[in-house]
Amino acid sequence: MQKIQSPLQAQVVQWLLAPGAAVAAGDVLVILEAMKMEHEVRAPAAGTVATVLAEPGDTLWADQGLLVLADV
């Protein structure tokens, strides 16, 4: 299991994958917005989305958990 964290203080705009979805390394997981710019958070490794820790509209601090990625 690997916890994916927000790289900056931002608001969750859109999830591109739901829990249970398989991802490959480099896949875009979520789009965040900070200072009127959108930022893509990508999967660091292949796995399965185990748990989503934030909903669209939530404001996150830097290093706050976004999701948990289970190993393949």
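Two strands pair if DSSP finds at least two bridges between them. Strands (E, at least two residues) and helices (H or I, at least four) are DSSP runs, numbered from the N terminus.

This is a predicted model: local features need pLDDT of at least 70, side-chain atom pairs count only at pLDDT 80 or more, and totals for chains, interfaces and linings use all residues. Residues are numbered from 1 along each chain as its sequence is written, and side-chain values use heavy atoms, with hydrogens and water left out.

View 1. Four strands make up an open sheet, ordered β5-β4-β2-β7, with antiparallel pairing. β5 and β7 are the edge strands; each has a single partner strand, so one side of each lacks a neighbour in the sheet. In a regular strand, side chains alternate between the two faces of the sheet.

View 2. β2 (10–15) runs antiparallel to β7 (residues 59–60), and two bridges join them. Here Gln11 stands opposite Thr59 of β7. β2 also pairs with β4, again in the antiparallel sense, over four bridges. In β4, Glu33 is the bridge partner of Gln11.

**View 3. The β4 and β5 pair.** Six bridges link β4 and β5 in the antiparallel sense. β4 covers 28–34 and β5 covers 37–42. Val28 faces Arg42 of β5 across the pairing.

View 4. Met35 is not a glycine, yet its phi is positive, about 55°. Lys36, also a residue other than glycine, has a positive phi near 65°. Relative accessibility is 77% for Met35, which therefore counts as exposed. Lys36 counts as exposed because its relative accessibility is 80%. The classes are: buried, under 20% relative accessible area; exposed, over 50%; partly exposed, in between (1.4 Å probe, protein chains only).

**View 5. Ser6 in the loop between β1 and β2.** Ser6 sits between β1 (2–5) and β2. Its relative accessibility is 1%, so Ser6 counts as buried. The Ser6 side chain reaches the backbone oxygen of Leu8 at 2.5 Å. A polar contact is a pair of N or O atoms within 3.5 Å; within protein, one must be able to donate a hydrogen and the other to accept it, and residues adjacent in sequence count only if both atoms are side-chain atoms. Leaving aside neighbours within four places in sequence, Ser6 is in contact with Leu32, Leu60, Trp61, Ala62, Asp63, Gln64 and Leu66. Contact means heavy atoms within 4.5 Å.
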